[in-house]
Every structure is written in structure tokens, then in C-alpha cells.
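Biologist: I have not seen this structure before. Could you take me through it, please?
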Number of protein chains: 2
Amino acid sequence: MPLTPYTRPADGQVRLLTKVARMYHERGVRQADIAAALNISQAKVSRLLKRAESVGIVRTIVTVAPGVYAELEEQLEEKYGLAEAVIVDVDPEADEGELLASLGAGAAAYLEATLSGADRIGVSSWSQTILAMVDRMRPFTVRGATEVVQLLGGVGAPEAQSHSNRLLGELARTLGAEPVYVQAPGVVGDPAIRDSLLQDPSMQEVARHWNELTMAIMGIGSIEPSDALAASGNAFAAEERQALLDQGAVGDICHRIFRADGSLVRGALDDRIIAITVDGLRRIPRRVGIAGGERKLEAIHGALAGDWVTTLVTDLRSAEALAAR
Amino acid sequence: MPLTPYTRPADGQVRLLTKVARMYHERGVRQADIAAALNISQAKVSRLLKRAESVGIVRTIVTVAPGVYAELEEQLEEKYGLAEAVIVDVDPEADEGELLASLGAGAAAYLEATLSGADRIGVSSWSQTILAMVDRMRPFTVRGATEVVQLLGGVGAPEAQSHSNRLLGELARTLGAEPVYVQAPGVVGDPAIRDSLLQDPSMQEVARHWNELTMAIMGIGSIEPSDALAASGNAFAAEERQALLDQGAVGDICHRIFRADGSLVRGALDDRIIAITVDGLRRIPRRVGIAGGERKLEAIHGALAGDWVTTLVTDLRSAEALAAR
DNA sequence: GCGGAGAGTGAATATCCTTTCGTTAGCGAA
DNA sequence: TTCGCTAACGAAAGGATATTCACTCTCCGC
């Protein structure tokens, strides 16, 4: 019941640390002024800030700037007809976590630079990559978007779902947008169940939102098993996966599965999924896919080949591999 | 499709920006050393870093742990001009006892973080909420204050008074402070009695202390009947209460009664009360009000609107309601 | 009950960073 | 070429922040 997934120090301390950190880093208040406001000494504020950093309440990260690999980006844009490619520099030796961090930071920077304030954004919430992005997004001072809509139902165990809800809420908050949740599981056992769920007024409402999106932010999934996927409650059973692999499936976006050439794999699964339709997805003008790493290469290629995304955020290695194909 | 122009600082400058940012933020090199290493001036390093931040190459984020409501606190502070709002996480389903416990714990943590050791604190002793706070204040490590002074006379039955005295003594002990008691009832039958009591040397002494307080800790009372209030010996007779309600009274602090807009309700009662004066109260720089729960919402609002408190400790639900008004 | 280590504090100060200021370099127009 | 304008620069001044210092208090082992 007690939830302390983040930090060690006592409760009251965390509150103070957070408060001070927000004042200093987000509102730009000087230490002396914070000290005055909170009736503590400036020295203490300095110490609190240091502490906040050491316990991870404050993180400062350096994104290796998009735009550095302009040439390679242009190559990708040209080759796959992308509106935009964003390449982040990741140490080739880096582990998966670092890769995620860099991709997330790169995507966050891209979004910050590119959001108009009038955008209506769809998000495929459950991906690790997108989580990393949200984590690294700075709160917008101006409105970043008007609404943030889930593109598919919750996946896996209930606690994983609430996690994904929090994620969406947090994104909405940092963008100053309205969150729109999908109150349904992502995959159900039977097509009939899905159809009846889709009739529900709340889903009808969501569907209306889906039709008016100006932008989608999506992870690109690879079909092969992954720890993260398994941990978050895998949507596809093992035999189903095998069947998909037999049909040439390499990846998925919003649970829609495609081959290396980008063509959609139709399957029994399709009718049991609660998510934006393929056509609906394609109607969204800007579709940003975020993925990187050796493991996802095939999937990314499929996503590009099938025009599933109009913008790709990926790492240097993957970009090189994709450009070379 | 319009290619969204995505701000690239065009230059190859970007490389330099990242390089400097990395050295500074990741390796912790001082600006002067970076300057030396790159053969540029230290001023330039500073400018580069600033630029890197504004472009989003460097981002520092503050993660807010669940159960911490920094944002809502800021909203309240802004809206009501508070020096500080402290919001404690209370299960919406919780009963009154749990609410009190959480408020008490929150207030205790706040005090712990904020007491300087030189503070002279006034307390409106009879409130349940403050009792809860004192209970939760067990492990106080350093000296918290030099003196703790009652802000009003004892209320109700003698045993309730001694209880309130014990409370003050305990708080004083926990804080390593001198207790200063008000040896008089809180409400007397006749203004003349009050005046003569106030002439008493011991009360004169107390009044001197009242003038030198640096902080007040106060419960916020609601005017409608409550079990707790009745049990502790209700100060106001039924007809008096009704008269107050007719004048728009919603709450009280130290027996001073105010309306929903914060304005003071003057009444016959005023002259029969032994407590710090309204002006005296307002002269105290930090006035911490502790209260929560549906029942007290109107009273809290009045206290905020009338600037009766500079710091508020309340629960999540109430905070939301207050922010929404 | 007596050191003594250790943690925490605010004031003062040392250190580091930002900004101002005067200057120069680059560039286009006259 | 000269003038005007802007951008960018380093030195130095001025601010903001980190750290030192002297001190207090607790905790612990003796």
C-alpha cells in the first residue's frame, strides 16, 4: 500500500526538496529569495538543492543535439519520404537504458521545438521509449497542445494500466493539455466484446477525438520478445506471436502489426484490439515514431517502408543502418 | 504537408554547445577550466551554456514524487497570496481521525523543516488538529523555538483546560522552548470581567509575549456545530452561534470570527474574549493555519481570503476545492 | 556521566558565474 | 572608402552560490 518507488528520504523532506527544486529550476527563483520565502537560510537552500540532485529529484541531462547529423537525417528523409528525421547521438557501447534516455531526450527536444499549441496529440502510451520521453520533457510555459489522447486501451496488469494512465496525465500536464483516456483494455478475448465496448458512449467520445488528431506520438514495437514488454504484461500470447512471425511480421505500432515491407498483417488479433483504426491512424498528418537499437531495426524499417510514420526519432547506429539498406 | 521548420541553430556551433554542456554538466568541469581547455574565454563558456539550455540541449527536470502536490501548492500560493501551502495526501475515503493524523504529520514535518530555533511561537491550543500535530512531532532533533505562548485563554470545563495546558507544555518540551500559559478562561461572562483580568500582571506579561511572536500556529474553526468542539466544552451558546451565522460567519481563528470573504464579524462576543487581539495577530509575520476536510472548507476559504494566515496546511481534497473556486 | 564522533546549523566568506561595458570585426549600403 | 549597424568578444565588475568555520546537539560506547 505505501508507494515509495522513487526516493529514500523521509516524507516531509521529499516535499521540501521538491518544492525548493521546482522554485529554483523551474521558476528561476534565486536561492536567497527561496530562503526568505521558506524561512530557512540560503546555505540550507543550497544544500537542499544539492541533495535533490543527488537523490535524483533533479536531473540534468545533455541531449546530443538533433541537427548534428543533418546530412544523415536528410538522407533518411529522402530515402523513406519522411517529413523529418531526428537522429540522436548515442554511444554505440551504451546499454538499453542509456539508449532510451537519449531517444527520450531527443524526442522531448523535438516536441518542444515543434509543438504549436493548437495540436491535438495521440499517444500510444505503453511504450518504454515514450515513458523516457515524458520523463525528460520540461514543463511548457505556454500551452503545448490542447489535448492528449490515448491511442489504444490499457495493456496488461491493472497496475501497469494505472501506470500508463499516470503517464498520460503527466504528459498532459506538462503540455498544459486535456488528457483523454481510453477506459478499456487494449486487447480483449473476443471480437464481440470489443464491438460492444466500442459502442459504449465513452468510447464513442474517444473515437471522435481520434478523428481530429493533428499528431501522433508512437513507440515502434518489435515482435520478438523483450523483457520490458514481458514485464509490462505482454499482450500477445506466445503462440500468437509465432503465428505472426510466420506471416512475416516484424513490428507493430499501436498494436497494428506489419511486415518488413510495411504491409499490414491482418490477423485474428485485429478484431480484438481496442485502438485507433489503421485508416484513422493514417489520417493523422504528423505521425512521430520513436525507436532505436539493433533489436528494433527491422521494425523501424517496416514502419518507414509502410509509411506508418512521417517523422522518425532514432539513434545514430540505427540511422546509419537504415540509410545503408 | 508543411514541413514544420524545426529550429536548428544551423551552425556547427551545436557541436561546441554539446561539448561544453557535457563537460560542465556531466563531468562537472568548472567553466574556467573548460575555457582553458578550449582556448576561449570563461565568459564565452557561460554564454554557450546559457544558449545550450535555451535551445534544449541541456534540460534539467524536477521529478515530483507521487504524493507530493507541488503544483497544486503553487496554485494555492499564487491564488491566495500565501507564503506557503502544504498539501498532505489523504485518502478521500479516510475518516476524520485519519485526516487529523495526516494533517498533524504534515504540519509537524513542515515545522521541523522550517523552525529556526529563534522563533517565538504562539499557539491556539484547543484545536484537535493541533493536538494531532503535537502528537506527531515526537522526533524533533534540534531546538525549535525559544518560547511557546498560548494565544487565548482556556476554554470550557476545567479538565479540558488542563488538557490544553498539558498540550502546550508538551509542545514546548518537544521544541526545547519555554511555555507561556494564559491563566484565564477564554471567554468570560462580562466585558468588565475581561478588562479586569487583562489588568492582571500575569496577563500583562503574556501580552508582552504576544507582541513579540514570530510565528503562530492555529487551527481554523468552522462555525457550525461539531462533536469535537462540543466535547471540549463549547464556548459559544447556541443562540450566539445563530446570531453569528446570521451575520455570515463561517469560521474563526483564535475566537476571532470571520465571513467567507474573510471580513471580521464584530459582535458582543469580542469584548468577552481573552485572546490576542486581531491587530496583534496580524502583526505576527508567519501565521500557520492547519485545517482540512469538507466541513471546514468555508472556514478555510474565509481565512485565506481575509489574510488570516500566511501558510496553510491542508488535505488534498480541500486544496483542490480551494484552488477551483 | 563522560568524552568523542558525527550530523546539522547560520553567518561569513571564498568561489564561481553572469552580466555589463567598451571594443572590435564583419557586412551591406551609400 | 566610409558610415552605420549588428554580432560577438574579453576584461572586469557585480551577483549568486558553495563552502568554511565555529558551534550546538545527539547518539554511542565506555
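Predicted model: local features only at pLDDT ≥ 70, side-chain atom pairs only at ≥ 80, totals over all residues.

Biologist: Which residues come nearest to DNA strand C?

Modeller: There are 14 residues around DNA strand C, and those that come nearest are A:Ser41, A:Lys44, B:Gln31, B:Ala43 and B:Ser46. Two or more residues of this surface are given by each of helix H3 (42-54) of chain A, helix H2 (31-38) of chain B and helix H3 (42-55) of chain B.

Biologist: Which element has the largest share of the surface near DNA strand C?

Modeller: H3(B) has the largest share, with six residues. By kind, the residues of that surface are five nonpolar, five polar and four charged.

Biologist: Now the two chains. How many residues of chain A are in contact with chain B?

Modeller: On chain A there are 40, in contact with 36 residues of chain B. H1(A) gives the most to the side of chain A that touches chain B, namely 11 residues. That side divides into 21 nonpolar, nine polar and 10 charged residues.

Biologist: And how do E1(A) and strand E1 of chain B pair?

Modeller: They pair in the antiparallel sense over five bridges. A:Arg59, for instance, has B:Ile61 in E1(B) as its bridge partner.

Biologist: What is the strand order in the open sheet of chain A?

Modeller: The three strands run in the order E7-E8-E9, with antiparallel pairing. Strands E7 (221-222) and E9 (256-259) of chain A each have a single partner strand, so one side of each is left without a neighbour in the sheet. Helix H13 (residues 297-305) of chain A packs on this sheet and touches E7, E8 and E9 of chain A.

Methods. Residues numbered from 1 in each chain as written. Chains lettered and ligands numbered in written order. Pairing = 2+ DSSP bridges. Helix = DSSP H or I, 4+ residues; strand = E, 2+ residues; numbered from the N terminus. Contact = placed C-beta atoms within 7 Å. Axes fitted to C-alpha atoms, helices over the stretch in contact; angles between N-to-C directions. Near = placed C-beta within 6 Å. Nonpolar A, V, L, I, M, F, W, Y, C, P; charged D, E, K, R; others polar.
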